[in-house]
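Please keep the structure in view while reading.

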There are 2 protein chains.
Amino acid sequence: MSTADYIAEKAAAVQDALHQALPQEWDVPERLREAMLYSLNAGGKRLRPVLVLAAAEAVNGEAEAAGAAMPIACAIEMVHTYSLIHDDLPAMDDDDFRRGKPTNHKVFGEAVAILAGDALLTHAFYCVAQAAKNGRVSAEATLAIVEELARLAGAPGMVGGQTADLLGEQGITTIEELDYIHLHKTSDLIAFSVQAGGRTAGASSSQLEALGIFGRKLGLAFQIQDDILDLVGDEAKLGKKTNSDVEQNKVTYPYLLGMDKSREEVERLTAEAKQAVEEAGFAYPDRLLGIADYLMKRDH
Amino acid sequence: MSTADYIAEKAAAVQDALHQALPQEWDVPERLREAMLYSLNAGGKRLRPVLVLAAAEAVNGEAEAAGAAMPIACAIEMVHTYSLIHDDLPAMDDDDFRRGKPTNHKVFGEAVAILAGDALLTHAFYCVAQAAKNGRVSAEATLAIVEELARLAGAPGMVGGQTADLLGEQGITTIEELDYIHLHKTSDLIAFSVQAGGRTAGASSSQLEALGIFGRKLGLAFQIQDDILDLVGDEAKLGKKTNSDVEQNKVTYPYLLGMDKSREEVERLTAEAKQAVEEAGFAYPDRLLGIADYLMKRDH
């Protein structure tokens with residue numbers, strides 16, 4: 001199976017699991033449930049949950065890994081989705097469309113959009129806790145995942161990166177400042193995804209360290225590639241307008257380093273990410289390595 | 001020591017713990033840290049964290065209980081604080097002042113206020129995970145607390161109650177609808193507080209059940225008492241304007257049942273809450289029972 005097919009297959013499995021993730025029997029106001037599911041079902045690459053599954057597979061093989069890692073895969077997609085809902089709000093990026101569909105607050109109003117984001121973030125931790133059910137993952141490992149998610153999605157992680165991005169807009173002048181934003185806004189959740197996936201499968205501490213390096217470097221490469229595609233990508237393939245960074249005067253890697261050096265950075269970071277995994281003695285690392293290559297070569 | 005002094009002493013201990021709860025060494029954008037601490041330090045009764053500590057004490061005594069329960073006390077205050085920041089936003093209740101101070105978004109702007117709320121909610125789960133450090137609480141019990149917090153603060157809990165309140169404003173006509181809002185908007189976090197406190201101290205399953213009943217009934221009594229004080233309270237003691245519910249056309253218990261019946265409800269619910277605890281064989285239940293009486297008789 002090609003990497004693209006593997007990703008599509010895993011993304012479909014994640015989609016099925018997400019459908020079950022908010023218990024039907026819970027007495028939730030219908031409008032809130034709709035708003036949560038609207039954004040959760042809005043598509044997207046499902047990159048983070050697929051990385052959770054691929055990292056678990058790297059440790060102990062596909063069939064074994066899927067059941068234990070799936071609650072974590074759902075959790076990270078909920079965190080990612082909540083962050084998009086809140087980012088799109090009028091007080092933040094004020095976006096009317098995402099992936100070709102009206103943003104959450106355009107459909108449900110600002111108040112419900114804020115609450116739907118809050119509910120998805122909260123529910124992510126409920127999902128994480130499910131990993132320990134049926135003895136699939138130990139309570140200790142599951143609790144370590146709770147703590148990591150809280151750190152990497154929180155003030156010193158994703159929310160910190162988002163805040164720095166917001167406050168620094170148009171004022172960023174160095175690669176160091178841009179790296180802070182990208183590392184926290186993007187890489188932290190990707191590093192979380194592969195480490196948590198590894199944890200559900202019983203990865204050793206040196207393997208967890210390698211997954212952390214892999215995630216951070218891959219996240220940075222992913223973000224630089226995003227910046228490049230915004231300049232030279234095909235709008236039809238991307239499903240969004242290009243040159244938005246230029247129009248918004250956003251400081252990016254291509255802006256600071258030029259296109260050639262940015263491309264070199266993507267290749268260097270991807271190679272280093274892969275090397276960390278290759279040297280950590282995983283039994284089944286091929287899918288994880290394949291995804292790294294796939295992301296480097298992607299055109300959307 | 002009187003109940004009022006006990007609450008003040010525990011609230012001060014919580015305040016000290018909250019100062020340590022966001023690690024100084026974390027690289028968090030200064031503005032975000034300020035916004036989080038601004039609302040976290042804005043005072044308030046600290047009712048929920050004090051109930052966490054009093055419930056732990058009910059099981060195994062004061063000194064024993066405090067260390068293990070304190071991370072949970074901090075967590076619930078963070079969840080409560082985030083909910084106030086988001087509730088005050090222009091898209092929600094649009095409040096400029098809370099406890100006599102400008103609301104978070106009036107000081108830091110809407111975007112940072114949204115992010116500070118998100119960060120506090122996320123960090124609450126980090127705090128919960130700390131309860132298992134140094135072997136104070138088992139990983140299993142800590143994980144059960146994570147799951148309960150996610151449920152009772154999430155879509156089927158507090159966020160659900162907030163959504164119902166928001167969508168139902170001025171359209172509520174029955175006690176049942178009002179109960180749904182109060183139970184989820186207020187009681188769920190109070191029930192969480194006492195149950196989680198009990199869990200950190202090793203409460204039995206029948207004791208946990210009793211604490212859940214105590215929390216739900218106490219939360220409802222607390223909310224009705226709030227409605228009563230809004231009509232007949234002393235503005236100076238309350239620190240806020242009275243009659244705000246009438247001015248906002250809010251449907252309340254006194255509006256639906258009359259003042260006398262509302263007072264009877266507070267007394268009945270408080271008595272039933274206490275009875276549940278009294279019958280559950282706690283070794284040191286006095287503080288928990290004292291707080292119930294104190295809340296029933298409060299004038300602010």
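In this model, 48 residues of chain A are in contact (heavy atoms within 4.5 Å) with 48 residues of chain B. The model is predicted, with local features needing pLDDT of at least 70 and side-chain atom pairs pLDDT 80 or more, while totals for chains, interfaces and linings use all residues. Residues are numbered from 1 along each chain as its sequence is written, chains are lettered from A in the order in which they are written, and side-chain values use heavy atoms, without hydrogens and water.

**Interface of chains A and B**
- The area buried between chain A and chain B, taken as the accessible area (1.4 Å probe) that the two lose on being put together, summed over both, is about 4100 Å², and carbon and sulfur atoms give 78% of that area.
- The rule finds two salt bridges across this interface, each a side-chain nitrogen of Lys or Arg within 4 Å of a carboxyl oxygen of Asp or Glu.
- Glu147(A) forms a salt bridge with Lys133(B), with the closest N and O atoms 2.9 Å apart.
- The elements of chain A that give two or more residues to the side touching chain B are α2 (30–40), α4 (62–88), α6 (110–130), α7 and α8 (158–168), helices being DSSP runs of H or I with at least four residues.
- Of these, α6(A) gives the most, with 13 residues.

**Helix packing in chain A**
- The axes of α7 (residues 139–153) and α9 (residues 175–200) of chain A, lines fitted to C-alpha atoms over the stretch in contact, come within 10 Å and cross at roughly 180°.
- α7(A) is therefore roughly antiparallel to α9(A), a term for angles over 145 degrees.

Methods:
Axes are lines fitted to C-alpha atoms, for helices over the stretch in contact, and angles run from 0 to 180 degrees between N-to-C directions. Angles under 35 degrees count as roughly parallel, over 145 as roughly antiparallel, 65 to 115 as roughly perpendicular and the rest as oblique.
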